[in-house]
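Let's take a walk through a protein model together. Keep the picture open and follow along as you read.

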Amino acid sequence: MLTVFNIQRYSIHDGNGVRTNIFFKGCPLRCSWCNNPESLDPAPSIMFDERICHRFGECLKPGNGAIVLENNNLIINRNLISDTTIYDNICPSRALIVSGQEKTVSQIFQEIEKDIPFYNMSGGGVTLTGGEPLSQGPELKDLLIQLKKRGIHVSAETSLHLPWETIENYVNLIDLFLADLKHLDNDKFTKFTGGNATLVIENFKKLDETGSKFIVRVPVIPGFNFSSIELSAIIDFAAGLKNASEINFIPFHSLAKEKYLMLGKDYMFANQRNIEKSELKFFTEYAEQKGLISKILN
Ligand code: SF4
(Lines give C-alpha, C1' and ligand atoms only; values in the text may rest on other atoms or scores of the structure.)
Protein backbone atom coordinates (compact mmCIF):
# COMPACT_ATOMS: atom_id res chain seq x y z
CA MET A 1 0.00 0.00 0.00
CA LEU A 2 1.01 3.61 -0.60
CA THR A 3 -0.02 6.37 1.82
CA VAL A 4 -1.20 9.57 0.17
CA PHE A 5 -2.83 12.64 1.63
CA ASN A 6 -3.94 14.32 -1.57
CA ILE A 7 -4.22 13.70 -5.28
CA GLN A 8 -4.48 17.05 -6.96
CA ARG A 9 -5.76 16.72 -10.50
CA TYR A 10 -5.44 19.21 -13.32
CA SER A 11 -2.67 21.26 -11.75
CA ILE A 12 -1.22 23.87 -14.09
CA HIS A 13 1.19 25.63 -11.73
CA ASP A 14 3.64 22.84 -10.88
CA GLY A 15 5.87 22.14 -13.83
CA ASN A 16 5.29 21.56 -17.52
CA GLY A 17 1.74 21.20 -18.79
CA VAL A 18 -1.22 19.82 -16.90
CA ARG A 19 -0.04 17.67 -14.02
CA THR A 20 -1.48 15.31 -11.47
CA ASN A 21 0.25 15.91 -8.16
CA ILE A 22 0.35 12.97 -5.80
CA PHE A 23 1.15 13.91 -2.22
CA PHE A 24 2.70 11.07 -0.23
CA LYS A 25 2.93 10.87 3.53
CA GLY A 26 6.13 10.41 5.48
CA CYS A 27 9.41 12.32 5.44
CA PRO A 28 12.84 11.58 6.94
CA LEU A 29 13.33 15.30 7.67
CA ARG A 30 11.59 17.71 10.01
CA CYS A 31 12.26 21.09 8.37
CA SER A 32 11.09 23.66 10.87
CA TRP A 33 9.43 25.74 8.12
CA CYS A 34 7.74 22.78 6.36
CA ASN A 35 4.67 23.90 4.39
CA ASN A 36 3.09 20.46 4.48
CA PRO A 37 3.23 19.44 8.15
CA GLU A 38 0.40 16.95 7.54
CA SER A 39 2.84 15.04 5.34
CA LEU A 40 5.47 14.37 7.99
CA ASP A 41 4.14 11.31 9.79
CA PRO A 42 3.95 8.21 7.60
CA ALA A 43 0.60 7.26 9.13
CA PRO A 44 -2.68 9.16 8.64
CA SER A 45 -2.96 12.28 10.84
CA ILE A 46 -5.92 13.79 12.69
CA MET A 47 -6.52 17.46 11.81
CA PHE A 48 -9.00 19.58 13.74
CA ASP A 49 -10.26 23.04 12.81
CA GLU A 50 -11.71 24.61 15.94
CA ARG A 51 -13.28 27.44 13.90
CA ILE A 52 -15.82 25.22 12.16
CA CYS A 53 -16.52 22.77 15.00
CA HIS A 54 -20.24 22.82 15.92
CA ARG A 55 -19.84 20.44 18.87
CA PHE A 56 -21.93 17.75 17.17
CA GLY A 57 -20.05 15.29 19.35
CA GLU A 58 -19.82 12.50 16.76
CA CYS A 59 -16.07 12.23 17.33
CA LEU A 60 -16.69 11.51 21.06
CA LYS A 61 -18.76 8.43 20.28
CA PRO A 62 -15.88 5.93 19.91
CA GLY A 63 -15.60 6.57 23.68
CA ASN A 64 -11.97 5.52 23.97
CA GLY A 65 -10.82 8.71 25.73
CA ALA A 66 -8.78 9.81 22.72
CA ILE A 67 -11.14 12.72 22.03
CA VAL A 68 -12.94 14.30 24.97
CA LEU A 69 -14.91 17.47 25.68
CA GLU A 70 -13.66 19.55 28.62
CA ASN A 71 -15.35 22.87 29.45
CA ASN A 72 -16.79 22.83 25.91
CA ASN A 73 -13.28 22.49 24.44
CA LEU A 74 -12.46 19.48 22.32
CA ILE A 75 -9.27 17.82 23.58
CA ILE A 76 -7.53 15.45 21.15
CA ASN A 77 -5.07 12.98 22.66
CA ARG A 78 -3.39 11.89 19.45
CA ASN A 79 -1.10 9.46 21.30
CA LEU A 80 -4.21 7.41 22.25
CA ILE A 81 -5.35 7.02 18.64
CA SER A 82 -3.99 3.84 17.14
CA ASP A 83 -6.59 3.42 14.42
CA THR A 84 -7.50 6.64 12.61
CA THR A 85 -9.98 4.90 10.29
CA ILE A 86 -12.69 5.12 12.98
CA TYR A 87 -12.55 8.91 12.51
CA ASP A 88 -12.81 8.84 8.70
CA ASN A 89 -15.77 11.06 7.75
CA ILE A 90 -17.04 11.01 11.35
CA CYS A 91 -17.48 14.79 11.63
CA PRO A 92 -20.54 16.22 9.81
CA SER A 93 -18.96 19.68 9.61
CA ARG A 94 -15.54 18.36 8.52
CA ALA A 95 -13.92 20.17 11.45
CA LEU A 96 -12.17 16.91 12.28
CA ILE A 97 -10.64 15.09 9.34
CA VAL A 98 -8.14 12.31 8.78
CA SER A 99 -5.34 13.38 6.46
CA GLY A 100 -3.84 10.43 4.63
CA GLN A 101 -5.20 7.20 3.23
CA GLU A 102 -3.65 3.94 2.22
CA LYS A 103 -4.18 3.28 -1.46
CA THR A 104 -3.23 0.52 -3.83
CA VAL A 105 -1.22 1.21 -6.96
CA SER A 106 -4.28 0.55 -9.08
CA GLN A 107 -6.43 2.98 -7.05
CA ILE A 108 -3.86 5.72 -7.63
CA PHE A 109 -3.47 4.79 -11.27
CA GLN A 110 -7.25 5.03 -11.78
CA GLU A 111 -7.08 8.68 -10.67
CA ILE A 112 -4.09 9.38 -12.90
CA GLU A 113 -5.80 7.86 -15.92
CA LYS A 114 -8.52 10.53 -15.81
CA ASP A 115 -5.91 13.19 -16.64
CA ILE A 116 -4.02 11.33 -19.38
CA PRO A 117 -5.81 13.18 -22.26
CA PHE A 118 -4.67 16.48 -20.72
CA TYR A 119 -1.03 15.30 -20.50
CA ASN A 120 -1.07 14.48 -24.17
CA MET A 121 -2.38 17.91 -25.15
CA SER A 122 -0.16 19.93 -22.81
CA GLY A 123 3.09 17.99 -22.40
CA GLY A 124 2.23 17.39 -18.75
CA GLY A 125 2.41 14.34 -16.53
CA VAL A 126 2.57 13.21 -12.93
CA THR A 127 4.45 14.91 -10.10
CA LEU A 128 5.29 12.91 -6.99
CA THR A 129 5.48 15.10 -3.93
CA GLY A 130 4.85 15.01 -0.21
CA GLY A 131 6.43 14.52 2.23
CA GLU A 132 9.25 12.55 0.71
CA PRO A 133 7.73 10.42 -2.05
CA LEU A 134 10.82 8.25 -2.42
CA SER A 135 10.48 7.04 1.18
CA GLN A 136 7.40 5.00 0.23
CA GLY A 137 7.67 1.22 0.11
CA PRO A 138 8.32 -0.99 -2.93
CA GLU A 139 4.83 -0.35 -4.35
CA LEU A 140 6.10 3.04 -5.49
CA LYS A 141 8.30 1.26 -7.99
CA ASP A 142 5.25 -0.69 -9.26
CA LEU A 143 3.43 2.60 -9.81
CA LEU A 144 6.41 4.12 -11.62
CA ILE A 145 6.77 1.07 -13.85
CA GLN A 146 3.11 1.42 -14.87
CA LEU A 147 3.59 5.12 -15.61
CA LYS A 148 6.67 4.34 -17.68
CA LYS A 149 4.78 1.71 -19.68
CA ARG A 150 2.11 4.29 -20.51
CA GLY A 151 4.77 6.83 -21.51
CA ILE A 152 3.69 9.31 -18.80
CA HIS A 153 6.24 11.94 -17.80
CA VAL A 154 7.13 11.75 -14.08
CA SER A 155 8.70 14.46 -11.93
CA ALA A 156 9.58 13.85 -8.28
CA GLU A 157 10.07 16.46 -5.58
CA THR A 158 12.64 15.02 -3.21
CA SER A 159 14.82 16.02 -0.29
CA LEU A 160 17.50 13.53 -1.48
CA HIS A 161 17.80 12.72 2.21
CA LEU A 162 17.70 8.98 1.64
CA PRO A 163 20.22 6.18 1.24
CA TRP A 164 21.68 6.40 -2.27
CA GLU A 165 20.52 2.83 -3.00
CA THR A 166 16.90 4.00 -2.60
CA ILE A 167 17.32 6.89 -5.01
CA GLU A 168 19.27 4.76 -7.49
CA ASN A 169 16.35 2.35 -7.57
CA TYR A 170 14.22 5.06 -9.20
CA VAL A 171 16.75 6.75 -11.47
CA ASN A 172 15.49 5.09 -14.66
CA LEU A 173 11.84 5.61 -13.78
CA ILE A 174 11.81 9.33 -12.98
CA ASP A 175 12.17 11.79 -15.85
CA LEU A 176 12.91 14.87 -13.77
CA PHE A 177 14.09 15.20 -10.18
CA LEU A 178 13.10 18.41 -8.39
CA ALA A 179 15.73 18.10 -5.68
CA ASP A 180 16.03 20.31 -2.62
CA LEU A 181 19.36 21.86 -1.71
CA LYS A 182 18.60 23.58 1.55
CA HIS A 183 22.04 24.25 3.03
CA LEU A 184 25.64 23.11 2.70
CA ASP A 185 26.56 23.44 6.36
CA ASN A 186 25.96 20.30 8.36
CA ASP A 187 25.40 21.94 11.74
CA LYS A 188 22.82 24.38 10.44
CA PHE A 189 21.13 21.72 8.33
CA THR A 190 20.83 19.46 11.36
CA LYS A 191 19.59 22.23 13.63
CA PHE A 192 16.73 23.23 11.29
CA THR A 193 15.83 19.91 9.64
CA GLY A 194 17.07 17.15 11.93
CA GLY A 195 18.98 15.70 8.97
CA ASN A 196 22.46 15.44 7.51
CA ALA A 197 23.64 17.87 4.79
CA THR A 198 26.53 15.62 3.76
CA LEU A 199 24.12 12.86 2.77
CA VAL A 200 22.22 15.28 0.51
CA ILE A 201 25.40 16.74 -1.02
CA GLU A 202 26.81 13.30 -1.77
CA ASN A 203 23.49 12.23 -3.31
CA PHE A 204 23.49 15.31 -5.54
CA LYS A 205 26.93 14.32 -6.83
CA LYS A 206 25.86 10.71 -7.40
CA LEU A 207 22.63 11.77 -9.13
CA ASP A 208 24.69 14.07 -11.35
CA GLU A 209 26.93 11.15 -12.31
CA THR A 210 23.93 9.10 -13.50
CA GLY A 211 23.10 11.74 -16.13
CA SER A 212 19.57 12.15 -14.72
CA LYS A 213 17.77 15.40 -15.38
CA PHE A 214 17.25 17.49 -12.28
CA ILE A 215 16.40 20.98 -11.10
CA VAL A 216 17.95 22.28 -7.89
CA ARG A 217 15.33 23.76 -5.58
CA VAL A 218 16.23 26.12 -2.77
CA PRO A 219 13.69 27.02 -0.09
CA VAL A 220 14.83 30.46 1.05
CA ILE A 221 14.24 30.62 4.78
CA PRO A 222 14.94 33.58 7.10
CA GLY A 223 17.47 32.80 9.80
CA PHE A 224 18.44 29.57 8.03
CA ASN A 225 19.92 30.27 4.60
CA PHE A 226 18.72 33.77 3.61
CA SER A 227 22.11 35.49 3.40
CA SER A 228 24.52 36.33 0.60
CA ILE A 229 27.15 33.93 1.87
CA GLU A 230 24.81 30.96 2.30
CA LEU A 231 22.79 31.36 -0.91
CA SER A 232 25.90 32.12 -3.00
CA ALA A 233 27.52 28.94 -1.71
CA ILE A 234 24.43 26.94 -2.68
CA ILE A 235 24.39 28.52 -6.16
CA ASP A 236 28.13 27.82 -6.61
CA PHE A 237 27.58 24.18 -5.68
CA ALA A 238 24.63 23.85 -8.09
CA ALA A 239 26.60 25.51 -10.89
CA GLY A 240 29.38 22.96 -10.40
CA LEU A 241 27.06 20.04 -11.17
CA LYS A 242 27.13 18.91 -14.82
CA ASN A 243 23.42 18.24 -15.19
CA ALA A 244 21.85 21.00 -13.12
CA SER A 245 20.70 23.40 -15.80
CA GLU A 246 18.17 25.19 -13.61
CA ILE A 247 17.83 26.48 -10.07
CA ASN A 248 14.53 27.47 -8.45
CA PHE A 249 14.21 29.66 -5.39
CA ILE A 250 11.17 29.19 -3.17
CA PRO A 251 10.73 32.21 -0.89
CA PHE A 252 9.44 31.57 2.63
CA HIS A 253 5.80 32.26 3.47
CA SER A 254 3.90 31.35 6.60
CA LEU A 255 0.68 30.12 4.96
CA ALA A 256 1.01 26.78 6.74
CA LYS A 257 0.29 28.37 10.12
CA GLU A 258 -3.31 27.09 10.24
CA LYS A 259 -2.26 23.56 9.37
CA TYR A 260 0.15 23.44 12.33
CA LEU A 261 -2.69 24.55 14.61
CA MET A 262 -4.99 21.88 13.17
CA LEU A 263 -2.37 19.20 13.80
CA GLY A 264 -1.61 20.40 17.34
CA LYS A 265 2.04 21.00 16.33
CA ASP A 266 4.29 23.92 17.25
CA TYR A 267 5.42 26.17 14.37
CA MET A 268 8.55 28.18 15.04
CA PHE A 269 7.99 30.37 11.93
CA ALA A 270 4.42 31.41 12.82
CA ASN A 271 5.31 35.07 13.25
CA GLN A 272 8.08 35.28 10.67
CA ARG A 273 7.56 37.76 7.83
CA ASN A 274 7.30 36.45 4.29
CA ILE A 275 10.20 36.90 1.86
CA GLU A 276 9.28 38.94 -1.23
CA LYS A 277 10.35 37.79 -4.68
CA SER A 278 12.07 41.14 -5.21
CA GLU A 279 14.48 40.29 -2.38
CA LEU A 280 15.83 37.38 -4.41
CA LYS A 281 16.68 39.32 -7.56
CA PHE A 282 20.39 39.48 -6.70
CA PHE A 283 20.53 35.70 -6.32
CA THR A 284 18.70 34.95 -9.57
CA GLU A 285 21.12 37.24 -11.40
CA TYR A 286 24.10 35.60 -9.71
CA ALA A 287 22.81 32.13 -10.66
CA GLU A 288 22.36 33.26 -14.27
CA GLN A 289 25.91 34.61 -14.35
CA LYS A 290 26.96 31.14 -13.28
CA GLY A 291 25.16 29.62 -16.29
CA LEU A 292 22.00 28.39 -14.55
CA ILE A 293 18.44 29.14 -15.64
CA SER A 294 17.01 30.76 -12.55
CA LYS A 295 13.39 31.06 -11.43
CA ILE A 296 11.55 32.19 -8.33
CA LEU A 297 8.56 29.98 -7.54
CA ASN A 298 5.49 30.88 -5.52
S1 SF4 B 1 11.82 17.75 3.25
FE2 SF4 B 1 9.99 18.82 2.58
S3 SF4 B 1 8.27 17.59 3.37
FE4 SF4 B 1 10.13 16.95 4.48
S5 SF4 B 1 10.13 18.20 6.30
FE6 SF4 B 1 11.39 19.27 4.79
S7 SF4 B 1 10.01 20.71 3.78
FE8 SF4 B 1 8.72 19.19 4.85
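This is a predicted model: local features need pLDDT of at least 70, side-chain atom pairs count only at pLDDT 80 or more; totals for chains, interfaces and linings use all residues.

Residues are numbered from 1 along each chain as its sequence is written.

The chain is divided into domain 1 (2–41 + 101–296) and domain 2 (52–98); such bounds come from an automatic or database domain assignment. The centres of the two domains, taken over C-alpha atoms, are 33 Å apart.

Now find helix 6, residues 197–210. Helices (H or I, at least four residues) and strands (E, at least two) are DSSP runs, numbered from the N terminus. The expected span is 1.5 Å times one less than the number of residues. Its buried residues are Val200, Asn203, Phe204 and Leu207. They cover an arc of only 110° around the axis, which puts them on the same side of helix 6; the arc is that of the directions from the helix axis to the C-beta atoms. On the other side, Thr198 and Glu209 are exposed. A residue is buried if 20 or more other C-beta atoms lie within 10 Å of its own, exposed if 12 or fewer, and partly exposed in between, with C-beta atoms placed from the backbone. The buried residues of helix 6 pack against helix 4 (164–168), strand 10 (176–180) and strand 11, where contact requires C-beta atoms within 7 Å. After the helix comes Gly211, with a positive phi near 85°.

Strand 11 (214–220) also meets helix 7, whose buried residues pack against this strand, strand 12 (244–251) and helix 9 (281–289). Those buried residues are Leu231, Ile234, Ile235 and Ala238. They fall within an arc of 100° seen down the axis, so they line one face of helix 7. The face turned away carries the exposed Ser228 and Ile229.

Which residues lie around the ligand? Among them are Cys27, Cys31, Cys34, Arg30 and Glu132, counted when the C-beta atom lies within 6 Å of the molecule.

Finally, look at Asp49, in the loop between strand 3 (45–48) and strand 4 (67–70). With 16 C-beta neighbours inside 10 Å, Asp49 counts as partly exposed. Leaving aside residues up to four places away in sequence, Asp49 touches Ala95 and Met262.

Conventions. Two residues are in contact if their C-beta atoms, placed from the backbone, lie within 7 Å.
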